[in-house]
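Dear colleague,

I am handing over to you the structure shown below. Please look through it first; my findings follow.

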Amino acid sequence: MTNTKAVIPGSFDPITYGHIDIIERSADRFEEIHICVLKNSSKSGTFTVDERIELIKESVKHLTNVVVHQFSGLLVDFCDEIGAKTIIRGLRAVSDFEYELRLTSMNKKLNSDVETFYMMTSTNYSFISSSVVKEVAAYKANVSDFVPEHVAKALNKKFNK
Ligand code: ADP
C-alpha cells in the first residue's frame with residue numbers, strides 16, 4: 001500500500017538550515033509534507049509556537065506541497081487525523097540515535113500502522129541544532145550560515161531586546 005503523505009514533527013525552535021534540508025529532500029519524495037510543531041513538547045520554547053510557525057512558513061514558501069500545522073497531543077493522533085502513515089525524522093549523530101529509538105518504539109507501540117523513516121543530515125548541516133544556534137545568537141555572533149535571514153533577524157530581536 002502506498003501513502004503519499006509524510007509528517008515532519010519537531011520543536012523547530014527556531015527552524016534551521018538543517019531542518020530545511022530534511023524538509024526539501026522529503027518534499028521531493030512525497031506528494032504532501034505536513035510539518036507539525038508539537039505544542040506539548042517537554043522542551044520549554046524560546047519562540048512561541050505561533051512565532052515558530054511564521055518562521056517555518058516563510059522558510060518553506062518555495063515548496064508548494066508543504067503545509068505547516070501545530071498540534072497539542074500525541075503525534076500518532078495527528079497522523080491519524082490527517083491520514084498520514086509516515087513520520088520523517090532527521091539524524092545527525094550517534095547521539096541522536098538513542099532518543100530517536102525510544103521515540104520511534106513508543107510511537108510504534110501506540111500505533112503500529114505509522115512507520116518512521118530516518119534521513120541522514122547533509123554533512124554541511126550535521127553540527128547545526130536550534131539550541132546551538134540560539135547560544136551563538138545570544139552572544140551576538142553571526143548566524144547567517146545556519147539559519148535563513150528572516151530567522152537570524154528574529155533571533156537578533158529575541159536576544160537583543
Ligand atoms: P525535536 O525537539 O522533536 O527533536 P527539533 O526541532 O530539534 O525537534 O528537530 C526536528 C527534527 O529535525 C528531528 O528529527 C531532528 O533530528 C531533525 N534535525 C534537526 N536539526 C537537524 C540537522 N542539522 N540535520 C538533520 N536533521 C536535523
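Which helices do the buried residues of helix 6 pack against? In this predicted model, they pack against helix 2 (49-59) and helix 5 (130-138).

Helix 6 spans residues 149-159, and its buried residues are V151, A152, A154 and L155. These residues lie on the same side of helix 6, because they cover an arc of only 160° around the axis. The other side of helix 6 carries the exposed residues E149, K153 and K157.

Helix 5 may be described in a similar way. Its buried residues are S130, V133, K134 and A137. Their arc around the axis is only 100°, so they sit on the same side of helix 5. The elements that cover the buried residues of helix 5 include helix 1 (17-27) and helix 6. After helix 5 comes K140, which has a positive phi, near 65°.

I also examined the cysteines. A disulfide is a covalent bond between the sulfur atoms of two cysteines. The structure holds zero disulfides. C36 takes part in none, and the nearest cysteine sulfur, which belongs to C79, is 7.7 Å away. Likewise, C79 is in no disulfide, its nearest cysteine sulfur being that of C36. A pair counts as a disulfide when the sulfur atoms are within 2.5 Å.

With kind regards

Key. Residues are numbered from 1 along each chain as its sequence is written. This is a predicted model: local features need pLDDT of at least 70, side-chain atom pairs count only at pLDDT 80 or more; totals for chains, interfaces and linings use all residues. Side-chain values use heavy atoms; hydrogens and water are left out. Buried means under 20% relative accessible area, exposed over 50%, partly exposed in between (1.4 Å probe, protein chains only). Helices (H or I, at least four residues) and strands (E, at least two) are DSSP runs, numbered from the N terminus. The arc is that of the directions from the helix axis to the C-beta atoms. Contact means heavy atoms within 4.5 Å.
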